[in-house]
Amino acid sequence: MSAASTITTQAPSSLLAAAALKAAVAAQLPELVAIRRHLHAHPELSGNEHQTAALVAGELRSLGWRVQEGVGRTGVLAELGPEALTPLVALRVDMDALPVEERSGVPYASVHQGLMHACGHDIHTTVGLGVARILAPLADQLTTRVRLLF
């Protein structure tokens with residue numbers, strides 16, 4: 001068997017992992033789109049993200065993350081993996097909106113006059129929750145803590 005045929009007939013484990021990751025993301029996508037649209041329709045200014053923080057904390061708890069609310073007033077901190085002081089990997093996620101009137105006309109446009117997610121933080125929050133969903137089933141396999149800062 002030539003080296004070329006070995007490459008085409010035996011997928012490296014990284015390709016298998018990538019395929020599994022792609023499938024896991026695809027399975028989450030419909031719910032993540034719904035979350036993003038909800039967040040887009042219900043923007044909150046910095047320091048006032050009470051409903052957004054409640055949604056984020058509830059989602060993270062339901063996935064088995066250790067959650068701390070009220071960080072810096074409306075922030076949410078979540079950890080997964082070993083509780084011991086092991087190395088830490090963190091992802092920071094923005095949740096706030098801007099004082100801008102939305103005129104997009106999309107069905108999920110802001111319901112709050114003068115506020116919108118013109119900055120993309122609805123996507124930031126959704127991506128953070130997507131990461132949380134993908135990592136949650138792997139909690140027992142993690143050798144380092146993963147921290148999400150919303």
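A salt bridge is a side-chain nitrogen of Lys or Arg within 4 Å of a carboxyl oxygen of Asp or Glu. A search of the whole structure gives 8 of them. The structure is a predicted model, in which local features need pLDDT of at least 70, side-chain atom pairs count only at pLDDT 80 or more, and totals for chains, interfaces and linings use all residues. Residues are numbered from 1 along each chain as its sequence is written, and side-chain values use heavy atoms, with hydrogens and water left out.

**Salt bridges**

Accessibility is relative accessible area: buried means under 20%, exposed over 50%, and partly exposed in between (1.4 Å probe, protein chains only).

| Arg61 and Glu69 | 2.9 Å | Arg61, 43%, partly exposed | Glu69, 42%, partly exposed |

Through shared partners, salt bridges join Arg66, Glu79, Arg145 and Arg147 into one network. Helices (H or I, at least four residues) and strands (E, at least two) are DSSP runs, numbered from the N terminus.

**Arg66**

Another member of the network, Arg66, is placed in strand S1 (residues 66-71). Arg66 counts as partly exposed because its relative accessibility is 28%. Leaving aside neighbours within four places in sequence, Arg66 is in contact (heavy atoms within 4.5 Å) with Leu77, Ala78, Glu79, Leu80, Gly81, Pro82, Glu83 and Arg145. A polar atom of the Arg66 side chain lies 2.9 Å from the backbone oxygen of Gly81. Arg66 and Ala139 are 73 residues apart in sequence, and their C-alpha atoms are 11 Å apart in space.

**Helix H2**

Helix H2 covers residues 13-41, which makes 29 residues. From its first C-alpha to its last, H2 reaches 41 Å, close to the 42 Å expected at 1.5 Å a residue; the expected span is 1.5 Å times one less than the number of residues. H2 has a kink of about 50° at Leu29, shortly before the proline Pro30. That bend is the angle between axes fitted to the seven residues ending there and the seven starting there.

Buried residues of H2 include Leu32, Ile35, Arg36, Leu39, His40 and Ala41. An α-helix has 3.6 residues a turn, so residues three or four places apart point the same way. The cover over the buried residues of H2 includes helix H3 (50-62) and helix H4 (121-135).

**The nonpolar core**

A nonpolar core is a set of buried Ala, Val, Leu, Ile, Met, Phe, Trp, Tyr and Cys residues joined through side-chain atoms within 4.5 Å. The largest one here has 22 residues, and Val56, Leu60, Trp65, Val67, Val76 and Phe150 have the most contacts inside it. At least two residues of this core come from each of H2, H3, strand S2 (75-80), H4 and strand S4 (145-149). H3 gives the largest share, 4 residues.

What does Trp65 touch, not counting residues up to four places away in sequence? Trp65 touches Leu60, Ala78, Glu79, Leu80, Ala132, Leu135, Ala136, Val146 and Leu148.

Definitions and conventions: Polar contact = N/O pair within 3.5 Å; in protein donor to acceptor, adjacent residues only side chain to side chain.
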